[in-house]
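The following note sets out points for a colleague who is reading the model alongside its sequence.

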Amino acid sequence: MATNITLTMIKPDAVRAGNIGNILKDIEAGGFRIKAMRYYHMSKTVAGRFYEVHAERPFYGELVEFMSSGPIVAAVLEKENAVADFRTLIGATNPKEAAPGTIRAKYATSIGENAVHGSDSDENAALEASFHFASRDMI
Ligand code: GDP
């Protein structure tokens with residue numbers, strides 16, 4: 001399973017801007033199948049746990065604050081080569097460096113408020129999927 005899934009979150013900036021539908025449309029047009037999806041507001045504690053791997057980075061506090069500032073859409077996506085293909089679809093972390101047509105180029109406003117999350121490895125995809133979803137929720 002791990003080689004075919006990735007975990008995404010539509011971040012609070014994109015939800016506030018009314019881009020849930022646009023982003024899901026790009027995701028489906030990119031050939032990804034939604035295996036699980038959940039709309040909810042992460043508490044600071046939950047967002048802090050999700051980003052624990054970044055705890056030592058200078059922007060950790062800002063990131064946790066931002067990710068708990070409003071609701072998100074978390075989803076498990078399935079496709080062959082899901083992790084790498086999804087990172088191609090979303091573009092670089094900094095929207096100024098994101099290739100034209102990518103989700104971050106279209107909908108992100110800054111390196112911090114960059115519209116979407118995408119797992120960076122198969123191992124993290126599996127961990128992140130199980131962070132948000134029980135196995136029974138992944139269809
Ligand atoms: P990603 O894998 O492309 O999401 O990038 P990283 O793993 O490097 O960073 C995780 C998340 O932290 C990014 O998606 C941004 O939301 C945030 N982030 C990264 N760099 C910065 C920064 O310099 N400042 C702020 N405020 N947030 C950042």
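This is a predicted model: local features need pLDDT of at least 70, side-chain atom pairs count only at pLDDT 80 or more; totals for chains, interfaces and linings use all residues.

1. Overall dimensions. The C-alpha trace spans about 35 × 35 × 25 Å along its principal axes. Of the 139 residues, 45% are buried. Among contacts with a separation of 6 or more, 75% are between residues 24 or more positions apart.

2. Secondary structure. The protein contains seven helices and four strands. Read from the N terminus, the elements follow the order β-α-α-β-α-α-β-α-α-β-α.

3. The four strands form an open sheet in the order 2-3-1-4, and the pairing is antiparallel. Strand 2 and strand 4 are the edge strands, each pairing on one side only. On average, and with direction ignored, neighbouring strands of this sheet are turned by 15° against each other.

4. Strand pairing. How many bridges join each pair? Strand 2 and strand 3 run antiparallel and are joined by seven bridges; in this pair, Ile 34 has Leu 77 of strand 3 as its bridge partner. Strand 1 is joined to strand 3 by six bridges, again antiparallel, with Thr 8 opposite Ala 75 in strand 3. Three bridges connect strand 1 with strand 4, also in the antiparallel sense, and here Met 9 stands opposite His 117 of strand 4.

5. Burial of strand 1. Six of the six residues in strand 1 are buried. In a regular strand the side chains alternate between the two faces of the sheet. Which residues of strand 1 are buried on each side? Ile 5, Leu 7 and Met 9 are buried on one side, and Thr 6, Thr 8 and Ile 10 on the other, so that both faces of the strand are covered.

6. Nonpolar cores. The largest nonpolar core comprises 19 residues, and those with the most contacts inside it are Met 9, Met 42, Met 67, Ile 72, Val 76 and Phe 133. Two or more residues each come from strand 1, strand 2 (33-40), helix 3 (44-50), helix 4 (60-67) and strand 3. Helix 4 gives the most to this core, with four residues. Apart from this core lies another, of 18 residues, which includes Ile 10, Ala 14, Val 15 and Val 73.

7. The surroundings of Met 9. Leaving aside residues up to four places away in sequence, Met 9 touches Met 42, Phe 50, Tyr 51, Met 67, Ile 72, Val 73, Ala 74, Ala 115, Val 116, His 117 and His 132. Two of these, Met 42 and Met 67, are named with Met 9 among the residues with the most contacts inside the largest core. The list also includes His 117, the residue opposite Met 9 in strand 4.

8. Helix 5. The buried residues of helix 5 (residues 82-90) are Ala 82, Val 83, Phe 86 and Ile 90. Why do they lie on the same side of helix 5? They cover an arc of only 95° around the axis, which puts them on the same side. An α-helix has 3.6 residues a turn, so residues three or four places apart point the same way. The cover over these buried residues includes strand 1 (5-10), helix 2 (20-29), strand 3 (72-78), helix 6 (103-107), strand 4 (116-118) and helix 7 (122-132). Just after helix 5, Gly 91 adopts a positive phi of about 85°.

9. Most residues other than glycine have a negative phi. Asn 81 is located in the loop between strand 3 and helix 5. Ala 115 likewise has a positive phi, of about 70°, although it is not a glycine. Ala 115 belongs to the loop between helix 6 and strand 4.

10. Accessibility at these two sites. Is Ala 115 buried or exposed? Ala 115 counts as buried because its relative accessibility is 0%, below the cut-off of 20%. Asn 81, with a relative accessible area of 45%, is partly exposed. Ala 115 is also among the residues that Met 9 touches.

Definitions and conventions:
Residues are numbered from 1 along each chain as its sequence is written. Side-chain values use heavy atoms; hydrogens and water are left out. Buried means under 20% relative accessible area, exposed over 50%, partly exposed in between (1.4 Å probe, protein chains only). The arc is that of the directions from the helix axis to the C-beta atoms. Contact means heavy atoms within 4.5 Å. Two strands pair if DSSP finds at least two bridges between them. A nonpolar core is a set of buried Ala, Val, Leu, Ile, Met, Phe, Trp, Tyr and Cys residues joined through side-chain atoms within 4.5 Å. Axes are lines fitted to C-alpha atoms, for helices over the stretch in contact, and angles run from 0 to 180 degrees between N-to-C directions.
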